Amino acid sequence: MTARFTRLRTRFPAQSLLLLLCAIAGPSPETRGAEAVPFPKLFNTQEETIPLLKPTEALERIHLPPGFQATLFAGEPDVQQPIAMTTDSRGRLWVAENYTYSENAVNFHPGMRDRIVILEDTDHDGRFDKRTVFWDQAQKLTSIAVGFGGVFALCPPHLLFIPDRNHDDAPDGPPVPLLDGWNDNATRHTIANGLKWGPDGWLYGRQGIQMTSEVGAPGSPPNQRTRLNAAIWRFHPSTRQFEVVAQGTTNPWGHDWDDYGQLFFINTVIGHLWHAVPGAYFRRMYGEHFNPHLYELIEQTADHFHWDTREVWSEIRKLGVTPGTSQAGGGHAHCGFMIYLGDNWPASYRNTAFAVNYHGKRVNNDRLERRGAGYVGRHAPDLLTVDDPWFRGIDLLCGPDGGVYMSDWSDIGECHDHDGIHRTSGRVYKITYGKTAPPAFPDLAALETAQLVSLQTHANDWYVRQARLILQERATEGRPMAEAKAQLLRMFSEEADTRRKLRAIWALHAIGADDPAWLRRQLSHSEDHVRLWALRCLTDTQPPQGELLEALAGMARTETSGLVLAFLASTLQTVPPDQRWPLAEALSDHAELAQDATFPLLVWYGLQPAVYGNTAKALSLLRRTEIPKLRQFIARYLSEDWDQRPTEIRLLATYAADRKDLPFRLNILKGMAEALRGRRKAAAPEGWSRIVETLGSNGSDPLKQLITELSVVFGDGRASDELKTIVKNASGDLNARRRALESLAQSRVDGLAALAQPLLGEIEIAPDAIRTLAALGAPETPGLLIASYPNLRSPAAKTEAINALTSRATFARALLEAIDARKIGRKEVGAWSVRQLRNLGDPDLARRAAELWPEYRPISAEKQGALAQYRKRLTPEKLSAADRERGKALFLQSCGVCHKLFGNGSQVGPDLTGSDRRNLDYLLENILDPNAVVAESYRSSVITTKDDRVIQGIILSTTDRMVTVQTPTERLALERNQIESTRASVLSLMPEGLLEGLTESDQAHLIAYLMSP
């Protein structure tokens, strides 16, 4: 099963959380607030280089459309560091204040504590007038949710429950750990966060990309834990099941549900808006998903970006928001997300998405529109802007009067906070339109059950959600719910509005009264959202089986809604693999969704685990489906076991030969070619010669080129000659030449060194030729590269030459001799290559490297002193006078080995264009001490092949046959039988000592280029 549906129960019995907490002892002094243990004295490390506006002054800098107004609901010192917000049944605002979050060098401050405060507006004037400290013993507090007689608090590594059964706003006892295992080691701004109740009665949360967590009940062994990285997850308060919902992106920090119960979330850097279909695998900023057989990932839901992509992201930091980026949305970073479902703002805003744009100091607005099997986010005008340099909006939340709370972290730095933390500031604003009405009830928890059911039709979804939660709590306590069930069934039957029908379904599900037979009948309802939620409720806590599974397969055959089909595809992942075929086959027949952005991938994610155990059904599905991705992915997956599946491979070749359908043939052959990527040789499938004779292998069209490339892997000398001809044609298509050279190099064909050597004089293909020579390892290669080095025409080619010369001990000796002979300058060898020399495992080479480059040494212990020296040396005057063109060349030689800047360099690590490059301390800390915080996705390994080549890079994926590794310049697919050893490293892919190898002038040139707009 996939990670999303790895469900678990804690060691507590499967009974009400509330009943469990009733057994806990009464209040303990140490948990009842500040009386017992004084709260630590707050201090700031952020220098106020820009004057901090008073909260009332900052309020005046909020610019809203006509009819809107903002009030200062609370400001420092009454609220500070507001990292998250929620409300309770009385409409009061609960705020999580995070004081432990610290600058990069400290991470989370062990001497500080976080707290939860309650802010109440008793006279309903848009400003709080009563403040209560609920709990002040937290550390690493990122989010809170009220419910079930207490407060859920996410304090990585724990999800805690703080009981308050008598609702006196003081904990009844110590926090109860419900789950643990969230990684809180070096993670800071990508830490687990975001507690919020979903319409299905589960508690949802998020985690960023920087670390991997292993979540489970306290004390549970590894095999009972769920692994997650960059994900949306959920936890059930009664059954205590935990599961991953969807995976990918970068750092989600905001999610919400629309009027139809569809989940969306916000993200940074690689796209801002995502539709979270359960089981989805989204594009990641970097690194790979746990499953190596996904093959393709789902892209963002929005059809636009919130910055002018003709500009570089960092223009915002130097010039503010340019007109182009302002029109686009203000920047790439988002924090805080809400789909407005209140009853105060104009109707045009309802069911549209709002996100705080972090750098643009504004709130973006996107319209959500149905498209195919999902949605598309369309750009709408920004809701508001804030002319306050300290504004760091972090959360949005709708309240009982339809007004929206907007929290402000209030700091100058980014989320990375390399320049310090300002703990003594923070604000919460309230955004309303016209006149607001006071809450209809002082406390929803005091209402009769029938009144709570009636609130399911309220225009403000705040009442709907709060009332549903209270109904769920009462059902969990064992209170009678027969009348509520009858009332909700009447509501479903009588209400014409689909949204109200859905609210009835969700409330029935919350109280456990959604009878499976009744839900089965709704699978054929005329409204697709009703069908969708009947499906979700039927499969919410256990996989479909028996008659229900048969019914879903039948439903999939006739279903016309792309959205319902997407969720049927999602359901595949909950079913045991050997039982997935009827549903998968029905889904694969929907050719009308063949080009949809999400549907084919969702089907594949569910189908893939079933392919291995039943190849006959997989091949049958491949032949019948009109969905190209399914054909290609099945062919690829089966072909990855090339030597163990000769029958299946023969059948694939036969299908490609017999089917007079060009797209079909391309899908099969492309899948086979992708599976064989990295293989030197493979046995040709039976009947391959018929494909060559029938379809031809000489030509430039995609089909013929695929046949030629595969024929080379199969040892066909004629095909090798054809590819050589393509490579030699200097006026031919560059991509075709590169692919041909790569295919020849992969198969180690005869005469390859002689073919590659003349290419060194061509500016664009020379790097490819050098990589080919490095892989071959011919004895004459070092001499050839050293002789050619002065005449190489591009920095990329020179970088590849140095990489090649440090890839083998014999090559490295020749390089060092060339340096001694002044044929290659010592400065041409960057920090990465010096580390590579040390990784060759040759003591003499390591000694000589240390003598030649004594500046490349571990510097973490000296970081602070070095920082001060560089800060003093790299003055604004010196940087402004630096040569940025020279800095660009230095970047491509060093940083560009792994990073891109302004489109130049390699995409091994994150693109630096949008990083905090204008901040000198940020740059220096990351350059001088790159191993201080090492994301798992950046930890390198050292691989030694059996022909003595040493490869340093990140292992992306492994199979029984192949290992895929990302080096600074290429993605290599290596056969396991060619690997001698693999040694993991705790080091970042980025080497230390990058600046120490440069003169003071070059240091200034490089830093000036890195900081350039």
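Reader: Is Cys-398 buried or exposed?

Author: A residue is called buried under 20% relative accessible area, exposed over 50%, and partly exposed in between, with a 1.4 Å probe and protein chains only. Cys-398 is buried, because its relative accessible area is 14%. Cys-537 likewise counts as buried, at 8% relative accessibility. This is a predicted model, in which local features need pLDDT of at least 70 and side-chain atom pairs count only at pLDDT 80 or more, while totals for chains, interfaces and linings use all residues. Residues are numbered from 1 along each chain as its sequence is written, and side-chain values use heavy atoms, without hydrogens and water.

Reader: How many disulfides are there?

Author: A disulfide is a covalent bond between the sulfur atoms of two cysteines. The rule asks for a pair of cysteine sulfur atoms within 2.5 Å, and the count comes to zero.

Reader: How many residues of helix H34 are buried?

Author: Helices (H or I, at least four residues) and strands (E, at least two) are DSSP runs, numbered from the N terminus. Helix H34 spans residues 1000-1010, and nine of its eleven residues are buried. Among them are Asp-1002, His-1005 and Tyr-1009.

Reader: In what order do the strands of the open sheet lie?

Author: Two strands pair if DSSP finds at least two bridges between them. Here four strands form an open sheet with antiparallel pairing, in the order E3-E4-E5-E6. Strands E3 (82-87) and E6 (130-138) are the edges, each pairing on one side only. E3 pairs with E4 (residues 93-97) over five bridges, and Met-85 stands opposite Val-95 in E4.
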